[in-house]
Amino acid sequence: MHLALINPPFTFTKISNAKPSQCVGLLSIASFARQKGNKITVIDALGDGIGQTEELTNGHFKIGLSNSQIISRIPGDADMVGISVPFSHLSGIAHGLVKDIRDYSRSITIVMGGVYPSTQPSLAAQSEADFIVVGEGEIAIVSLIEYLEGNRQGPLPQGIVLCSQPALAESVKPCRVSNLDSLPFPARDLVPFNSYLELSQRSIRGAKTASIVTSRGCPYDCEFCSVHPVAGYKWRAHSAEYVLGEIDELLEQYNVNHLEIEDDNFTLERDRAMEILGGLIARKHRGIDISWSAPNGLRLDTLDEELIELFSRSGCKRIFIALESGDEEILRSMNKKLNLNKVLEVVRIFDKYPAIECNIFVIYGYPGETKTRFNNGVAFYKKLHKIAPRMSFSFLIAQPYPGTKLFDRAVREKLLPANKYSAVEKIERFSALQTIWMEGPDFDRAEVLRRGKVLHKAVLKRSTYYRHRLRELLPEEVLARLRPVYHFAKRLRAFAGDNR
Ligand code: B12
Ligand code: SF4
């Protein structure tokens, strides 16, 4: 079959934030389906249309190719179109795209996969697609192709929802890849990958960055977490050998010098993580310039001094560690299963390794966060700040993503209406600037905003606090002019520091 895979246009709160995504999941499907003998075309509507902007009614911006441009790139001999929907808030864009492709061709098979259809399959099945894929797409789509070609008998393959039977959508068992090493490396050759390298969304300035996924899934069950509809509770990993092979490909073919590890739980299996890091150190000894970061958050209780020392030697530049709350009760209600004494221990260790920029994720505005619990948290963050003053904090307002236990709880406790995500038009974008507000007995919106200020004032360096405030207050045009001046001043300071 000829399969056209589409990375859709994305939305951004500011035009200046618009950057391509490396769509590792979509490229992994492309690679596996190609290995099985199918012809593949990837249409990266975001990457190829990065300069194309449409202001939406909510003040956000849709960035990417228009639907007619996407359709014009679907090859005439394509049998199937696969649309990736990596975030729930892109559901409206995806349903619209499916409709336009359906109007263009009644005969082409349209399949939708990704986080949104895996989390809300019955809603996704109301689109004009033919099939929805729930869970991971590699085996599911190849099995579907075989089924449609008549090479496979019996019921629909695992993970596939027939959109004409939406009632069955919620009961479909997700498809997952049990042996990750059986997958070929993502087909980065099918997109202009070189042009994405210096445009990482998490920006280590000047680095040539590639995203890699070395394991999938997580056995923990944090109440707010939304990784399970796609990747599940069973943690599966590529072997260290496979990961280092993929890294070598990135070094040799794309001159990458920075890796963003996007795993849900990279360090769950300590020995494997150490083997990967050991491989990076060996490459550094051979003179290869390589560093890495973990922007997606690491579980604190998987870390210890030996591992952190290895982080430092293997070129770790930036790490996010997932504390979530400094209050024991809130942590318990999140089902985070984290001990605060362990947190103190790990933070003390990180303070010894200044080359690693360490950030702590903290969630606030969480259901059940009484004033006392909030204040307990603040006291704990101050303590951490005292132990490790260089460490920074990312304070995030609790977000009840669709399909999470937190969402179910918010509905049960009447903090949100049950129909909050029942139609695509209702699904708003989750971001620091566009919050889904849960208001209840412990706080309303104004109180959450006040708590945010308290947190920032309590532990951020004063300069960082005022930078954040300025970013909120100044219009984008002014910020765009100030940004180069700011970075020039920063470089000048670093240069002066180097020559002191
Ligand atoms: C890397 C990443 C990003 C990257 C880009 C990811 C991308 N896909 O392009 C960046 C940094 C840009 C990003 C940004 C954001 N992200 Co993000 N991100 C991730 C992360 C950590 C890993 C994604 C990944 O590579 N997974 C590994 C691959 C193998 O899985 P996959 O991409 O899901 O693909 C598989 C399946 O989904 C399926 N599939 C995918 N496409 C298709 C297509 C077809 C046809 C088929 C059949 C199957 C299929 O098969 C694939 C292979 O198995 C996930 C966490 C997670 N575990 O998913 C969060 C996640 C997807 N992000 C999330 C969110 C909320 C955001 C932000 C809103 C964060 C913010 N506050 O700003 C922004 C939105 C950006 C925007 N402009 O709209 C949420 C989404 C929740 C939801 N229900 O919408 C997640 C789940 C994390 C979370 N917080 O829970 N993100
Ligand atoms: S938040 Fe992290 S530790 Fe918790 S379930 Fe999700 S991936 Fe696992």
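**Aromatic pairs, strands and a ligand shell**

Phe-10 is buried, with a relative accessible area of 6%; buried here means under 20% relative accessible area, exposed means over 50%, and partly exposed is in between (1.4 Å probe, protein chains only). The model is a predicted one, where local features need pLDDT of at least 70, side-chain atom pairs count only at pLDDT 80 or more, and totals for chains, interfaces and linings use all residues. Residues are numbered from 1 along each chain as its sequence is written, chains are lettered from A and ligands numbered from 1 in the order in which they are written, and side-chain values use heavy atoms, with hydrogens and water left out.

So where does Phe-10 sit, and what does it pair with? Phe-10 belongs to strand β2, while Phe-87 is in the loop between β6 (80-84) and α4 (91-104), so their pair ties together parts that are 77 residues apart in sequence. Helices (H or I, at least four residues) and strands (E, at least two) are DSSP runs, numbered from the N terminus. Rings of Phe, Tyr and Trp (its six-membered ring) pair if their centres lie within 6.5 Å; planes under 30 degrees apart count as stacked, over 60 as edge-to-face and the rest as tilted. Phe-87 is partly exposed, at a relative accessible area of 33%. Together with Phe-12, Phe-10 and Phe-87 make up one aromatic cluster.

The structure has 12 aromatic pairs in total. Another of these joins Phe-407 and Tyr-421, this time tilted, at 4.9 Å centre to centre and 40° between the planes. Phe-407 is part of helix α15 (residues 405-412) and Tyr-421 is in the loop between α15 and α16 (445-459), so this pair links parts that are 14 residues apart in sequence. Phe-407 counts as buried at 11% relative accessibility, and Tyr-421 does too, at 5%.

Back to the strand that holds Phe-10. An open sheet of three strands runs in the order β2-β5-β4, with antiparallel pairing; two strands pair if DSSP finds at least two bridges between them. At the edges are β2 (10-12) and β4 (53-55), each pairing on one side only. β2 is joined to β5 (residues 61-63) by three bridges, and Phe-10 has Ile-63 as its bridge partner in β5.

Strand β7 (residues 109-113) is mostly covered, with five of its five residues buried. In a regular strand the side chains alternate between the two faces of the sheet. For β7, both faces are covered: Thr-109, Val-111 and Gly-113 are buried on one side, and Ile-110 and Met-112 on the other.

What surrounds ligand 2? Its shell consists of Cys-218, Tyr-220, Asp-221, Cys-222, Phe-224, Cys-225, His-228, Asp-264, Arg-299 and Lys-336, where a residue is near a molecule if one of its heavy atoms lies within 4 Å of it. These residues divide into five nonpolar, one polar and four charged (Ala, Val, Leu, Ile, Met, Phe, Trp, Tyr, Cys and Pro count as nonpolar, Asp, Glu, Lys and Arg as charged, and the others, Gly among them, as polar).
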